[in-house]
Amino acid sequence: MILNRGIDSDDYGGDRGPRTNPRDPAQDRPPPLELPFTIGDLARLRHQVTRRAENAGLCDPRLGDFVLAVHEVASNAIVHGGGKGHIHLDHTDDGLRCVITDNGPGLARQAGPLNGHDIDIDSAVDDEAENGRGLWLAEALADRLDITVGDTGTTVTLVALLP
């Protein structure tokens, strides 16, 4: 007995379906950037965030805005979070998500909400101070900024949406 299988048949005589193997775009993404950091790592951190954001498709001026926002939050983690922090930068389906955590005493809670949290960045900014505008700037530069303050530190999530 001779079996005549068509070009698109499998071993059981059925149709194998399309010949192309559609790739999942998520498979082409690099693994998340996971790094602990201290003050000596900030330049390297900025470089790595820039490279990841460029590879994800973020272009200037939004590229520079996102990198500056990440830098400001990372700097805050160092200054107010015990001298070190941790970054997790991931390419999601709609953009870039950067989570920065520290183990410091946390932000002082103030009246008023910021993205559903008990922190009012605008009232925390002292117009006369030479510093203290990092979170305010990060909120202005990122598409989304979420802050969670806990007993073991602060977590700030920044999002840059891709076009």
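## The second largest cavity

In this predicted model, α1 and β2 each supply at least two residues to the lining of the second largest cavity. The residues that line this cavity are Pro 30, Pro 31, Pro 32, Arg 52, Asn 55, Ala 56, Leu 89, Asp 90, His 91 and Leu 96. The volume of the second largest cavity is about 70 Å³. A search of the whole structure finds 3 cavities of 30 Å³ or more.

## Confidence in the model

The protein has a mean pLDDT of 78, and 67% of its residues reach 70 or more. Residues 1–23 have a pLDDT below 50, and in the model this stretch makes 12 contacts beyond near neighbours in sequence. For residues 109–130 the pLDDT is also below 50, and that stretch has 40 contacts beyond near neighbours in sequence.

## Overall layout

The secondary structure consists of 4 helices and 5 strands. Read from the N terminus, the elements follow the order β-α-α-β-β-α-α-β-β. The protein has 163 residues, of which 34% count as buried. Among contacts between residues at least 6 apart in sequence, 56% join residues at least 24 apart.

How do β1 and β2 pair, in the parallel or the antiparallel sense? The pairing of β1 with β2 is antiparallel and runs over 5 bridges. Within this pair, Leu 35 stands opposite Ile 87 in β2. β2 and β3 also pair in the antiparallel sense, over 6 bridges, and here Ile 87 stands opposite Ile 100 in β3. A hairpin of 3 residues joins β2 to β3.

In a regular strand, side chains alternate between the two faces of the sheet. β1 has a covered face with Leu 33, Leu 35 and Phe 37, while its uncovered face holds Glu 34 and Pro 36.

## The largest nonpolar core

In soluble globular proteins, nonpolar side chains tend to be buried together. The largest nonpolar core here has 33 residues, and the members that touch the most others are Val 49, Phe 66, Ile 87, Ile 100 and Leu 158. At least two residues of this core come from each of β1 (33–37), α1 (42–56), α2 (62–80), β2 (85–91), β3 (95–101), α4 (134–141), β4 (144–150) and β5 (153–161). Which element gives the most to this core? That element is α2, with 9 residues.

Val 49 shows what such contacts look like in one place. Leaving out residues up to four places away in sequence, Val 49 touches Leu 33, Phe 66, Val 67, Val 70, Ile 87 and Leu 89.

Ile 147 lies in strand β4. Is Ile 147 buried or exposed? Ile 147 counts as buried because its relative accessibility is 1%, and the cut-off for buried is under 20%. Ile 147 and Ile 100 are 47 residues apart along the chain, and their C-alpha atoms are separated by 9.7 Å.

## Two histidines in α2

His 71 is found in helix α2. The relative accessible area of His 71 is 18%, so His 71 is buried. Not counting residues up to four places away in sequence, His 71 touches Leu 42 and Arg 46.

His 80 lies in helix α2 as well. Which residues does His 80 touch, not counting those up to four places away in sequence? The residues are Gly 104 and Pro 105.

## A cis peptide bond

Most peptide bonds are trans. Asp 60 and Pro 61, however, are joined by a cis peptide bond, with omega at about 10°. Where is Pro 61 placed? Pro 61 sits in the loop between α1 and α2.

Key: Residues numbered from 1 in each chain as written. Predicted model: local features only at pLDDT ≥ 70, side-chain atom pairs only at ≥ 80, totals over all residues. Heavy atoms only, no water. pLDDT = per-residue confidence, 0-100. Contact = heavy atoms within 4.5 Å. Core = buried A, V, L, I, M, F, W, Y, C linked by side-chain atoms within 4.5 Å. Buried < 20%, exposed > 50% of the residue type's maximum accessible area, 1.4 Å probe, protein only. Pairing = 2+ DSSP bridges. 1 Å grid on protein atoms, 1.4 Å probe; cavity = no way out; pocket = protein on both sides within 12 Å on 5 of 7 lines; lining within 4 Å. Points joined across faces, edges and corners; volume = space filled by probe spheres on them.
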